[in-house]
Amino acid sequence: MIWENKIATTLQWSREISNKEQKEKVADKIAERVKNGDVIGVGSGSTSFLALLAISKKVKEQNLSVLAIPTSHEVSLTCSILGLNTSTLLNARPDWSFDGADEVDPQKSLIKGRGGAMFAEKLVMKSSPENYILVDSSKFVTYLGEKFAAPIEVDPRAVNLVEDELLKLGANEINLRLAVSKDGPVITEAGNLILDVRFNKITSDYEKEIKSIPGVIESGLFINYNVEILTT
């Protein structure tokens, strides 16, 4: 038997997708590389959502067998509705992965995490030998932090300590991310809080410096990762 209720069968995105036409073109590009037997790491966000739609269409049309490793509940639900089989890093390793980004600098370093899934996304990216970042033209910046703050996932017990340490590191603005559809802060899937942090300049060692602060689970800085940028 399969679930036939509304939640299990209704495909939807939580808000309007910006630059949708550009993102759909990039989504079609990543769908082209899917082949039978692939284990694919699937990032979160609107571009990944559109990529899953394109991949699902190809899988059904060509009767392919693929396995997805999702990075969030959002992605898991989408895969379930689309009929794509899923697994975890405990049981499978990706042959390749794809994800979106909030910013991409000229060195292909990234800021990710507006969706709050940067911890799982980084686990999948590090586990995968090939990583594709799907972006439209609005995501390119001359330096990291130009448009967006850097998200930092923090254990709730350490939020005050982490704030103090980030100020010592050079942060000039730190905000606790608040939820939209619930009272209070955003709670990640691991039960943590998110700080959105701006710096005067994000240097190449900041990812490691931030991660070394006790209580920091992960940051949305992806610096010097093995990625290929796919765009329109």
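I begin with a salt bridge between the side chains of Arg 33 and Glu 130, with a nitrogen-to-oxygen distance of 3.2 Å. This pair links distant parts of the chain, 97 residues apart. Arg 33 sits in the loop between H2 and S1, while Glu 130 belongs to the loop between helix H5, residues 118-127, and S7. Please bear in mind throughout that this is a predicted model. Both partners are partly exposed: Arg 33 has a relative accessible area of 26%, and Glu 130 has 33%.

The next pair is Glu 218 and Lys 122, which form a salt bridge with their closest N and O atoms 3.0 Å apart. Glu 218 lies in strand S11, residues 216-219, and Lys 122 in helix H5, so this contact ties together parts that are 96 residues apart in sequence. Are these two residues buried or exposed? Glu 218 is buried, at 6% relative accessible area, and Lys 122 is also buried, at 5%. The pair also takes part in a network of salt bridges that links Lys 122, Glu 207, Lys 211 and Glu 218.

Lys 168 and Glu 165 form a salt bridge, the closest N and O atoms being 3.2 Å apart. Both residues lie in helix H6, residues 159-169, and are three residues apart, about one turn of the helix. Here Lys 168 is exposed, with a relative accessible area of 65%, whereas Glu 165 is partly exposed at 26%. In total, the model contains 11 salt bridges.

Let me turn to the strands.

S1 runs parallel to strand S2, residues 67-70, and four bridges join them. Within this pairing, the bridge partner of Gly 41 is Ile 69 in S2.

Which strands pair with S7? One is strand S4, residues 96-99, which pairs with S7 in the parallel sense over three bridges; in this pairing, Ser 97 stands opposite Asn 131. Another is strand S13, residues 228-230, also parallel to S7 and joined to it by three bridges. Leu 134 has Leu 230 of S13 as its bridge partner.

There is also an antiparallel arrangement to consider. Three strands form an open sheet in the order S5-S6-S12. S5 and strand S12, residues 221-222, stand at the edges with a single partner strand each, so one side of each is left without a neighbour in the sheet. S6 and S12 are joined by two bridges, and Ile 111 has Leu 221 in S12 as its bridge partner.

This brings me to the backbone. Lys 108 has a positive phi of about 70° although it is not a glycine. Lys 108 lies in the loop between strand S5, residues 103-104, and strand S6, residues 110-111, and is partly exposed at 37% relative accessibility. Asn 63 likewise has a positive phi, near 55°. Asn 63 is found in the loop between helix H3, residues 46-62, and S2. With 68% relative accessibility, Asn 63 counts as exposed.

Which residues form the negative patch? Glu 21, Glu 24, Asp 28 and Glu 32 make up this patch. Asp 28, one of its members, is found in helix H2, residues 20-32.

Leu 89 lies in the loop between strand S3, residues 85-86, and S4. At 35% relative accessibility, Leu 89 also counts as partly exposed.

Thank you for your attention.

Conventions
Residues numbered from 1 in each chain as written. Predicted model: local features only at pLDDT ≥ 70, side-chain atom pairs only at ≥ 80, totals over all residues. Heavy atoms only, no water. Patch = residues over 30% accessible without salt bridge, like charges linked within 9 Å, V, L, I, M, F, W, Y side chains within 5 Å. Areas by Shrake-Rupley, 256 points an atom, 1.4 Å probe, with all protein chains shown as cover. Salt bridge = Lys/Arg side-chain N within 4 Å of Asp/Glu carboxyl O. Lys, Arg positive; Asp, Glu negative; His and termini not counted. Charge placed at Lys NZ, Arg CZ, Asp CG, Glu CD. Pairing = 2+ DSSP bridges. Buried < 20%, exposed > 50% of the residue type's maximum accessible area, 1.4 Å probe, protein only.
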